[in-house]
Amino acid sequence: MIEFLNFHLIPGIVLGSIYALGAIGITLTFGILRFANFAHGETMTFGVYVTLTLIWLTGWHPLALLPIAMAVTSGVVLGIDRVFYKPLRASPAIILVMASFGMMLMLRSVTQFSWGVQLQTFQPGIQRPYILFDALRISPKHIIIVIAALILMAAVHYLLTRTKIGKAMRAMADSPELARLTGIETERVIKATWIVGASLAAAAGCFLAIDTHVETMMGFKILLPLFASAILGGVGSPYGAMVGGLVIGIVEEISTYPWIGDAPLVSPGYKAGVAFALMVIMLIWRPSGLLRGRVF
Amino acid sequence: MEQMYGIGLYAVSLLTFGGIYAVMALGLNVQWGFTGMFNAGIAGFFAIGAYTSAMLTTAFSERHLGGLDLPIVIGMIAAMIAAGIIAWGVAKICIRLRSDYLAIATLGIAEILRLILKNETWATNGPRGVSLVPKPFETWPEPWNQLAFMALVLVIVFGLYILLERARKAPWGRVMAASRENEPATRAAGKNVDRLRIEAFVLGAMFMGLGGALMAHYLKFIDPNAADPLIATFLIWVMLIVGGSANNKGAILGAILIWTIWSATELLTSRLPDEFAIRTAYVRVFLIGLLLQIVLQRFPNGILPEKREKALAAERERHSQT
Amino acid sequence: MTNSIKRLTLAASALALMAGSAQAADINVGSVAGVTGPIAELVAPIVAGRNLAGEHVNAQGGLLDGDTYNLVLSDSQCDPKAGVDAGTKVVNVEQVVAIIGASCSGATNGMVQSVTIPAGVVALSDSATAPSITELEDNDLVFRVAPSDAYQGLAIAQLAIDQGYKKLAMTYSNDDYNAGIATVFEQAFQDLGGEITANQAHEPNKASYRSEISTLAGGDAEGLAIFAYYGGSGITIIRNSLENGLFDKFMAADGMFDASVIEQIGADTLRGNIFITQSASDYADDSYKAFAEAFEATGNDPVAPYAAHGYDASFLLALAIEKAGAADRGAISAALREVAGPSGTVIRPGEWEKAKAAIAAGEDINYEGASGNVDFDEAGDVGGIYSVNTVGDDGSWATNLIQ
């Protein structure tokens, strides 16, 4: 039982929080811009490397530098949108997906060219966890990650429900034509979407880096679970992405617990496949997702 | 003189790789061009075809299943059948999904397939792959072996092209096009759109399986990396979109062109001084991404856009009447 | 179809022009490596090693009549398709005399079977270690300066027994390299009387391995044997194990060997608790020292896995060309065997001038490399010498040869 909590459930929650933040960006792009953004992973990676550079320059804690990294990443993403996605606004979704693939290659090669491919880290050394009640192991960095993720999710909720731009985003996700008719400036909403998505991506990337390390393929490697989370939760619904992310993260980790007998239920080699299996099942059973996003 | 000979052999390899990719792009065109299905799991069918043919045609080996030493032709046919069966299963499950969802579902399925190939070591030798795969014409002297293999691939491409052109103009193809343009109307007209879609999906997947088999025999080696979903799948999509989707000629052109660019750009970057050599690999990838963006913005329908037979015919009629 | 044909012709002529415009006094040797791809960070020092040998050759008189030894880099991406494409390019377009490469066993397998053996070109790999390469029917065209996995697995098992371990858990990254060593290790350790309490494969590049490790920690193993690349999963596994008190003693193979392991985990935590083997040579050996000095001067770390092998492969091919007397593909295989030894005037890394003179004088030479004595056996393989790395007092790796 204790092993279950310490080595399966808690890491699952941490991983799920990271997935949740990343998936929000994906689902917003899906809902408002109507395409699957394959460059989202590289956006995360880029945000992480910006943070790393800031740490080299200032020596501050990564969380303190996160707002700056978010701003820089958002700026870059807005630039990318201006040059590469805006001309294709009227094109069918497949063209935009292709463009995002191309963007993925471009952004990744810029990162690799500028920073090299060696492994880096935010803070060297290992961190011994606190031990509560003589059994529960909770690492300080995990507490930080989960709390920060919750704060960010609350911020997104506030944005979407209380601010004008947030409501405009929801309107556009529901029906772009109607939104335009009611005078919502679509370009502003689109810019806001990119900013929110990029900032959350940078945050998710940094949390992942705090939990593991920094390397150039880190965003790409969780891209597919991020898609799975967005779809599971219901495409276009940020709350769905949060739920989907947590579910995928937790299930991925607890699937290898020896539920029956001695050996893990799912062989660790297949752990990655758990996210996809869940996603495929959801698509067949309930394509609108857990929280009823759009069905295109 | 030797240089020209060498360049000739390189051109042969470009056409061989390009041809194999063309087979897969044609398969994708059946799924996307004919019926508008967004299959992002190309790599999965490729892998099934490759492994099936490889395992059946190699000599006995302790490392993996099969090893039946069957003739290559049988291997290739088996590859198509295996890919077709899996595709049928996938299609039955996913047929009603709309395009973006279908994409990610097929991507997930391809990933699961790749993990199976990697983990079931008793069957596939896991990450170490299946080696010593026989190659048609390999006992012939250079350059005839390369030329013969290339010829085989190009003949297959040509044959598939003819087949698909016939199909496109036949009633089957027309109903497909109709279902792509206006699904509700087609259904209302009593056509079983689902069944057609499944047929198209299976046919396309069979081509992809054949492409996989051809690749396995060409490389004489196959491992789960070859089924890496993003590069294998992505590249074929780019080939189809750039060449001209819904257009069989476009699929072939796109395949050969994109592969040539992908491969030949390295010859340019490797001329740069050594200190930059490793970093130029990244520059190359960057330029390819950039090239894709440029093509997408300037040639949104691809280089050879789809011909609309009916529209052309109507135009001709109008012209002849005036 | 005419469009594509036109395009191809244009491309071909452009290439021909460029190739023709290269200096007439260049002798090209292909340098095929996984520059991009899963082991990009491991490959960079290996390529640097190859290039260093090239610099030494060119600085001391060049090849044959003062021709330049020109290494042409081509990216095999650790993938068989790219390996075949890279091999085709260097063999046909760049007209290389021989090839160093590829980096990964899969890419090498594809490249040699599909391109170099039919074309009659020698391929000498500095890091492909799969046993299956030994079994290829290769007309004596495929060589390796990197010992097959079969040896390293054995070496680690022996090391573990010598260190007194009787029960170990093990995990391996599910890729061709690590899965290979793991299989050999498991068998060898058990043959030597040890017991493997648990054995799990894992997918690389995941954020957490806590669940895998906790299952492995179930038995009463004394330590964990890790077969993985440090960047893909190795460091994360060590970190997860230590932070959760699951394992604190580790053994690993050379995929784990990198300064970043110490940097990220901490020297004090690891000291005395981790042993990493590495395909290596006697570090007290003059050959290695010569290489190490020169390599450090270029800003690289000489103990980087297979960097020394890269140097040796590159230097050996240069020697072979010199011995063959001409840039003739067909003569390289025999010449390579002659210059590698085991008998003749000893030539060490960096001693190009001496080698040229000896060859001109008709002497037999024997290259003793930075990675070992590089004497090829019948199949074109070399035997394995291994060293073990532990964390030294100064917080960096200390290496000792395994006797």
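## Polar links between the domains

Three residue pairs are in polar contact between domain 1 of chain C and domain 2 of chain C, with both residues of each pair at pLDDT 80 or more. The model is a predicted one. Salt bridges between domain 1 of chain C and domain 2 of chain C number zero.

On the side of domain 1 of chain C that touches domain 2 of chain C, helix H2 (40-59) and helix H4 (105-119) of chain C each supply at least two residues. By residue class, that side of domain 1 of chain C comprises seven nonpolar, five polar and one charged.

Domain 1 of chain C spans 2-148 + 287-367, and domain 2 of chain C spans 150-280 + 386-401. Domain 1 of chain C puts 13 residues into the contact, and domain 2 of chain C puts in 13 residues.

About 1100 Å² is buried between domain 1 of chain C and domain 2 of chain C, and carbon and sulfur atoms give 55% of that area. The C-alpha centres of domain 1 of chain C and domain 2 of chain C are 32 Å apart.

## Confidence in chain B

The average pLDDT of chain B is 84, and 91% of its residues score at least 70. Within chain B, helix H2 (residues 42-57) has the highest confidence, at a mean of 93. The lowest in chain B belongs to helix H13 (residues 309-321), at a mean of 56.

Definitions and conventions. Residues numbered from 1 in each chain as written. Chains lettered and ligands numbered in written order. Predicted model: local features only at pLDDT ≥ 70, side-chain atom pairs only at ≥ 80, totals over all residues. Heavy atoms only, no water. pLDDT = per-residue confidence, 0-100. Helix = DSSP H or I, 4+ residues; strand = E, 2+ residues; numbered from the N terminus. Domains from an automatic or database assignment. Contact = heavy atoms within 4.5 Å. Buried area = accessible area lost by both parts, 1.4 Å probe. Salt bridge = Lys/Arg side-chain N within 4 Å of Asp/Glu carboxyl O. Polar contact = N/O pair within 3.5 Å; in protein donor to acceptor, adjacent residues only side chain to side chain. Nonpolar A, V, L, I, M, F, W, Y, C, P; charged D, E, K, R; others polar.
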